Amino acid sequence: MNKMNNHLSYKMEGDKSTDNGDDYYKNVKLVGFVKTDSETLPGYKNDAFQWSSADDLSSYPSSYHRENDILAPSKVLGGCTAVSVDQDSVNRCCTRKVLYKRLPILQWLPKYTVGEHGISDLVAGITVGLTVIPQAIAFANVAGLPPQIGLYSSFMACFVYTIFGSCKDPALGPTAIMAIMTRENIHDMGPEFAILLCFITGIVQLIMGFAQLGFLIDFISGPVSAGFTSAAAIVIATSQLKDLLGINIKANSFIGFWDQLVMHIREISVGDGTLGVTCMIVLLLLRKMKDIQIGPVDMKDKTTGQRTVSSIIWLISTARNIIVVVFCAALGYMYKEHGNLPFKLSSHVESGLPSFRPPPFESRVGNETYNFVEMASKLGSGILVVPLLSILENISLAKFFSDGKTVDATQEMLALGACNLISSFVGSMPISGALSRGAVNNASGVKTTFGGVYTGIIVIIALQFFTPYLVYIPKAALAAVIIAAVVFMVELQVVKPMWRTKKIDLIPAFATFLCSLLIRLEVGIVVGIAINVIILLYTLARPSIHVEKQQSEFGYEYLVITPDRSLVFPSVEYVRAVVSKAGLKQGLSSIPVVMDCRHIQGADFTAAKGVKSLIDDFVRRSQPLVFYNVKPSVISIFQGVRPTEFNCCFTEQQLHERLKGYYYSRMQTLTL
């Protein structure tokens, strides 16, 4: 037995960081020892540390701090003693890097200054707060819930996201998509079901975050997302037409609403219709107002007066919702005091902050009592669809304003899950980041997620002191706010690019749009995903195969067949049929066939069986088949099924030598 040379090999791990442009390593820790000879085990280093037979493994160099490392009992690996770390994964979860990653506030708070960050966050937070109040009330109406639920959904998430959020721009709260999805899944069962849906949404999102299931969002492609968003915008706008026109209509579907509208067309209120249409026109004009250019394009070249006027115009355009709502509320107050209301006002809003308590796990609707299981069953597919759409909406928003930076989807899932979970304790419906408020946040120059604190404070002040005045807001004005917001969610602009790039993408887009519009929103998105998966599988099953006849410098012909992707079970029979057909027709059953495998990065058992059958076909008709540019891993898979013969070449010289040998042997056969 060879004697060990008493070398100590070790394995280190650390976090790579950047400071002032220089890379360095911190939190370095020792994760394992190996006693070996001069040969170092893979993954371990040997810096000639010596140890004596009297020493145990605890006597590693003093420069490593033992209290930060957990060493497991030793074990023998291939003739050498090794100490492994069984709790390495636990250690990695408890590092400072992970803590900073999961609590992003720890990264920016120590550097936070009033001059550089505070003023910008204050302006952005107040601006978003003034935007969210009318939207929250209107979105509660979209969801079929009391108006205070919208306000309850608008403040707690702001504080939670400040701590856990990794992106500065998303302003969490009720959104049009979440409102319409809530309405379609609670089935008019009351606020308790919406609050429970918010709680379950948070739980599901946290589970997805911890399990790192963000890849599920990748199955919702751009065309599917565009079709769903466009249909949702039309459904939302349609649901608000009754308030815009002052008609009492109850319908559960898009077609049903328009059928009811035709039947009640003569009941349109002149006062509501006039106010609603006027508010919409004003809102759209104020939205366009921010595009007015005052002075030079570059802000640095403008005079002080020009900058002031530009800022005022931008502020008026941004705060258009609150301006219109406040003006209409004042108008409603004046008319009500004189006892002559030409339009309908909003319902009563409960004043004061909600109590912090667990979401309802039991509810009584009419004479029937529902327990938690029955309530969850009533919510149906919403307990999965709503969390997914909430994540999709928030991550899409974060990516939109990321300026090319990577968005941590896992952290956003965890942050959104925490926001929904904790918000459910104050009576919230499901929430997400809204694109409109995110745009306001970004344009206001927000620097950190602390801007959400000011937004939350604005909503709390409104709940505490101004709810008695919210009853004067006309329903037509709120409907106009919603319609003016969602009309720009209809993504007609994506049709032409899809037509120019890949026309087949229009199929899932229009299928999602029509199913969402005519059946249900969640049905539409499921249909869209299913069609996308079918198209993807069809693409895998029908790879492009290039067939070309070539001639060598020696004059002999051969056929080169090149598949453009890996061989997997849906495509095997198709590839086999194409290669066999090419060998028979273009190869005349005698010309050598070369299968160029440069694009085949992997294969499976079914592919190997198909290749074996393909080789058997060529052997039976005595036609040479050569595999060229095959990866070693693919070769081992093909050889695992023991084909009759497997001829492969790795270089062009080997290929030509092999083909030359075939032709020489054939010539000799013909001569004999």
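The questions below concern helix packing, a sheet, a pocket and cavities in a predicted model.

The model is predicted: local features need pLDDT of at least 70, side-chain atom pairs count only at pLDDT 80 or more, and totals for chains, interfaces and linings use all residues. Residues are numbered from 1 along each chain as its sequence is written, and side-chain values use heavy atoms, with hydrogens and water left out.

Q: Why is α8 called roughly perpendicular to α15?
A: Helix α8 (residues 191-210) and helix α15 (residues 382-400) pack at an angle of about 65°, and their axes are 9 Å apart. Angles of 65 to 115 degrees count as roughly perpendicular, under 35 as roughly parallel, over 145 as roughly antiparallel, and the rest as oblique. Therefore α8 is roughly perpendicular to α15. Helices here are DSSP runs of H or I with at least four residues, strands are runs of E with at least two, and both are numbered from the N terminus. The axes are lines fitted to C-alpha atoms, for helices over the stretch in contact, with angles running from 0 to 180 degrees between N-to-C directions.

Q: What makes α9 roughly antiparallel to α22?
A: Helix α9 (residues 222-245) packs against helix α22 (residues 521-541) at about 165°, with the axes 10 Å apart. Because of that angle, α9 is roughly antiparallel to α22.

Q: Which hand does the crossing of α9 and α22 have?
A: The crossing of α9 and α22 is right-handed, and the crossing of α8 and α15 is right-handed too.

Q: What makes β10 and β14 edge strands?
A: Five strands form an open sheet with mixed pairing, in the order β10-β11-β12-β13-β14. Strands β10 (545-551) and β14 (648-649) each pair on one side only.

Q: How do you know that β10 and β11 pair, and in which sense?
A: Two strands pair if DSSP finds at least two bridges between them. β10 and β11 (residues 557-563) have seven bridges, in the antiparallel sense. Gln551 has Glu557 of β11 as its bridge partner. The hairpin of β10 and β11 has five residues between the strands, and Gly555 takes a positive phi near 100° there.

Q: In which sense do β13 and β14 pair?
A: β13 (residues 625-628) and β14 pair in the parallel sense over two bridges. Cys649 in β14 is the bridge partner of Tyr628.

Q: What makes a space a cavity, and what makes it a pocket?
A: On a 1 Å grid over the protein atoms alone, a cavity is a set of points where a 1.4 Å probe fits but cannot get out; a pocket is an open set with protein on both sides within 12 Å along at least five of seven lines. By this rule there are three cavities of 30 Å³ or more.

Q: Which residues lie nearest the centre of the largest pocket?
A: Arg287, Phe401, Leu435, Ser436 and Ala439 do, among 49 lining residues, where lining means having an atom within 4 Å of a point.

Methods:
Left-handed = near helix turned anticlockwise from the far one by under 90°. Points joined across faces, edges and corners; volume = space filled by probe spheres on them.
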